[in-house]
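Hi everyone, thanks for making time this morning.

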Amino acid sequence: MNNSVIDIKNLKVQYGDNTVLHNVSASIPKNKITVILGGSGCGKTTLIKSVLKLHHPTSGSINIFGNETINLSDEDFVPYLKEVGMLFQNGALLNSISVADNVAIPLEQHTNLPKPIIDRIIRVKLELVNLSHAIHLFPSELSGGMKKRAALSRAIALDPKILFCDEPSAGLDPITSENLDNLIIKLKNQLNMTIVIVTHELASIHRIADEIIFLDKGYVLYQGTLNDAKKARIPELNRFFSVGTY
Amino acid sequence: MSININMKDKTISFKGSLTFENVNTYYEKLNKSKIKDINIIDLQNLELIDSSGIALIDNIIHNSVSNTTLNNVPKQIQDAIHTFSSKNISLSPPVPKTRPLEKAGELVYNAMLDLKSFVFLTSEIVILSITGIFNRKGQRKGSILQQCLLLGVDSVGIISLLSFILGFILALQSAAQLRQFGANIFVADLLAISMVREMGPMMTAIIVAGRSGSSIASEIATMKVTEEIDALKTMAINPVQYIMVPKFIAITVCMPLLVTISVSVGIIGGLTIAVTYLDLSVASFFHQLFSTLTIKDEIIGLSKSFFFAWNIVLVACFYGLKVEGGAEGVGIVTTKSVVAAIFGVIIFDAIFSLFYMI
C-alpha cells in the first residue's frame with residue numbers, strides 16, 4: 001500500500017534557460033518528518049514551492065493525497081491548500097496587522113468557528129512558540145526569530161495535514177531551535193501531521209528527521225532514513241555529514 | 001460523531017471526532033442548551049481531536065460554574081490536550097486605551113519632534129550641498145549627473161505633454177470669451193502671465209512631486225528598511241551626503257529648466273489655438289506676448305521653481321527616513337510624502353502670490 005502523501009515524478013523546473021530541478025522524483029511519507037537537504041541554490045525551496053503551485057514546473061507530475069495536482073487551476077487547488085501549512089524562510093507575516101490577526105487569518109477565512117474558540121486557538125498556537133506575550137505586537141516590532149516563530153503559529157493554525165517549513169531554525173538561538181524541534185515532533189505525533197522541512201542545521205536534522213531527501217544541483221542523490229544516509233556511499237552526502245553544515 | 005448533553009447528571013460526552021469541521025455545531029448546541037453547570041466531560045468514545053476541539057473543551061471548562069473534570073480520556077487525546085490546552089495560558093493584559101487629551105498631546109509632541117528633525121535634516125542637506133559643490137568627498141562619482149537624468153531629463157516628456165495640453169485648454173477656454181469683445185490678441189497676455197507666473201511652475205512642481213518625490217521617498221524608505229542606510233553608517237559614510245545631497249543639487253539644477261520647458265511648451269499649446277481658432281498670426285502673438293511679459297514675471301516664476309523643488313526633495317527625504325516597519329511602511333511614507341509635497345507647493349505658491357502683491 002502506498003503510504004506517501006506526496007509523490008513527485010520526473011519534475012523539471014526552469015527559470016528561463018536555467019534548469020533548477022532535473023527530473024526530480026521523490027515521495028513524502030505520511031506522518032513522518034522528511035528533511036530536504038542540499039547546498040545553497042540546489043533547488044530545495046523551488047521543490048516545495050512547486051508542490052504548492054507557487055512555481056509552475058516545466059514538466060513532471062505531482063500527486064497530493066493520491067490526486068494529480070500539477071494541471072489543476074488555482075481555484076481547484078484551494079482544497080489542497082487548506083490542508084497545508086507553509087512556514088516561509090522570512091516568515092512572510094502581513095506587516096499591516098498584529099501577530100494575533102496574522103494567526104487568525106486562516107481560522108477566520110477557512111472555518112466558521114466562533115470568536116471565543118478562535119481566540120483560544122490563537123493563544124495556544126502563540127504559546128506553543130513562546131510568543132503569547134507578543135500577541136498584540138505588529139511584525140515590525142518583532143525580531144527575525146520572533147517573526148519566524150509567529151509565522152509558524154500561523155502555519156499550524158488550522159492543524160494542517162502537511163506542514164512545510166523552509167529553514168525554520170535559521171536565525172534562532174539553540175534553545176529556541178530545540179524547543180521548535182520538540183514542537184515539530186509533537187505536531188507529528190499528536191496531530192498526525194506530515195512535515196517537510198528544509199534545513200541545514202545538523203543538530204536539528206539528528207533530532208527530528210525520519211526521512212531525508214538529499215538534493216545536489218537539481219538532482220535527488222538520496223532518499224531514505226537518516227541512519228541509512230550515513231552509511232550510503234555518496235560523497236556529497238558524506239561530506240555534508242562530516243563537515244557539519246553547508 | 002455526536003455530542004450528548006445530560007442535564008441531570010451535568011455531563012457532556014463526545015463521540016467520534018471533535019475537529020474544525022464540527023466544533024462550531026457543538027458550540028452552538030451547547031449555547032442553545034444553556035447549560036452552565038458541568039461536572040464531567042466524558043471523552044471515552046472520542047477518537048479524534050484537534051486544537052479547535054481542545055479549545056472548545058477549554059471554553060466549556062472556563063464557562064462552567066462548578067469544577068469540571070475530564071473522564072475516560074484516551075492516551076493520545078490526553079497528550080494532545082496537554083500540548084494544545086489554553087487553560088494554563090494567562091491572558092495578556094489588554095493594550096491600554098489612549099484618552100483623547102493624551103492623544104492630542106501625543107500628536108502635538110510628535111509634530112514638534114517631526115518639525116525638529118525636519119529642520120535638522122534641511123540644514124544638514126543645505127550645508128552639505130553648498131560644501132559639496134567644492135568638495136566632492138563623501139559623494140558617489142557621477143551621482144549628481146545620474147540624479148539629473150532621473151529627476152530631470154526623464155520628466156521632460158510628461159511635463160511637455162501636460163503643459164501643451166494645459167496651454168491649449170487655457171487658450172481655448174479664454175478664446176470663446178475674448179472673441180465676443182474682439183479682444184482676440186489678449187489671449188497672448190493671458191497665456192504669458194498665467195503660464196510664466198502660475199501654471200508653469202505649479203504644473204511642473206505637481207508632476208515632479210508625484211513622479212520624482214515619490215521615487216525619492218520610496219527609495220530612501222526601502223534603503224532604511226533593508227538596512228542599507230545602516231550599512232553606509234557603519235562604513236563611516238554619511239547617508240545624507242551620499243544619498244540625499246546629489247538629489248538636492250540635481251533637482252535644484254533641473255527644476256528651473258523643467259519650468260522653462262513647461263512654460264515654453266504651454267505657450268506653444270496656446271499658440272495653436274490663437275492661430276487656428278482666433279486667426280492671429282504667429283508674429284502678432286509673440287509681439288503681444290513679449291510686450292506683456294516683464295523680467296519681474298520671469299523672476300517670480302523661476303524663484304518659485306527653486307522653492308518648489310527644495311520643498312519636494314526635502315519632504316521626500318524626511319518621510320523616507322521616517323519609515324517604520326516593512327513594505328507597508330514604505331507605501332505609507334511615500335503617500336504621505338507626495339501629499340505633503342503637493343500641499344507645500346500650494347502653500348509656497350500662496351505665499352509668493354501675497355509677497356509679490358504687496
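**A glycine, some rings and an interface**

Let's start with Gly266(B): leaving aside neighbours within four places in sequence, Gly266(B) is in contact with Ser163(B), Phe164(B), Gly167(B), Leu191(B) and Met195(B). Please keep in mind that this is a predicted model. You'll find Gly266(B) in helix H9 of chain B. Is Gly266(B) buried or exposed? It is buried, with a relative accessible area of 0%. One of those contacts is another glycine: Gly167(B) is 99 residues away in sequence, yet the two C-alpha atoms are 4.2 Å apart in space.

Now to the rings. A pair of aromatic rings is described by the distance of the centres and the angle of the planes. Over all chains, a search of the whole structure turns up 14 aromatic pairs. Take Phe240(A) and Phe241(A): this pair is edge-to-face, with 5.6 Å from centre to centre and 85 degrees between the planes. Phe240(A) counts as buried because its relative accessibility is 2%, below the 20% cut-off. Phe241(A) is buried too, at 16%.

Over in chain B, what kind of pair do Phe248(B) and Trp310(B) make? Their ring centres are 6.1 Å apart and their planes are at 15 degrees, so the pair is stacked. Phe248(B) lies in helix H9 and Trp310(B) in helix H11 of chain B, so this pair ties together parts that are 62 residues apart in sequence. Phe248(B) is buried at 8% relative accessible area, while Trp310(B), at 27%, counts as partly exposed. Both belong to a cluster linked by ring pairs, together with Phe306(B), Phe307(B), Phe348(B) and Phe352(B).

Back in chain A, we also have lysines over rings. Lys53(A) lies over the face of Phe77(A), 5.8 Å from the ring centre, and the charged end of Lys161(A) sits over the ring of Phe65(A), 5.9 Å from its centre.

Finally, how do the chains meet? In chain B, 30 residues are in contact with 29 residues of chain A. About 2,400 Å² is buried between them, and carbon and sulfur atoms give 64% of that area. Phe20(B), Phe84(B) and Ile89(B) supply 27% of what chain B buries against chain A, more than any other three residues. How many salt bridges cross this interface? The rule finds 0, but there are 7 residue pairs in polar contact. Among the elements giving two or more residues to chain B's side are helices H1, H2, H3 and H12 of chain B, and H2(B) gives the largest share, 7 residues.

Key. Residues are numbered from 1 along each chain as its sequence is written. Chains are lettered from A and ligands numbered from 1 in the order in which they are written. This is a predicted model: local features need pLDDT of at least 70, side-chain atom pairs count only at pLDDT 80 or more; totals for chains, interfaces and linings use all residues. Side-chain values use heavy atoms; hydrogens and water are left out. Rings of Phe, Tyr and Trp (its six-membered ring) pair if their centres lie within 6.5 Å; planes under 30 degrees apart count as stacked, over 60 as edge-to-face and the rest as tilted. Buried means under 20% relative accessible area, exposed over 50%, partly exposed in between (1.4 Å probe, protein chains only). Helices (H or I, at least four residues) and strands (E, at least two) are DSSP runs, numbered from the N terminus. A charge sits over a ring if NZ of Lys or CZ of Arg is within 6 Å of the ring centre and within 35 degrees of the ring normal. Contact means heavy atoms within 4.5 Å. Buried area is the accessible area (1.4 Å probe) that two parts lose on being put together, summed over both. A salt bridge is a side-chain nitrogen of Lys or Arg within 4 Å of a carboxyl oxygen of Asp or Glu. A polar contact is a pair of N or O atoms within 3.5 Å; within protein, one must be able to donate a hydrogen and the other to accept it, and residues adjacent in sequence count only if both atoms are side-chain atoms.
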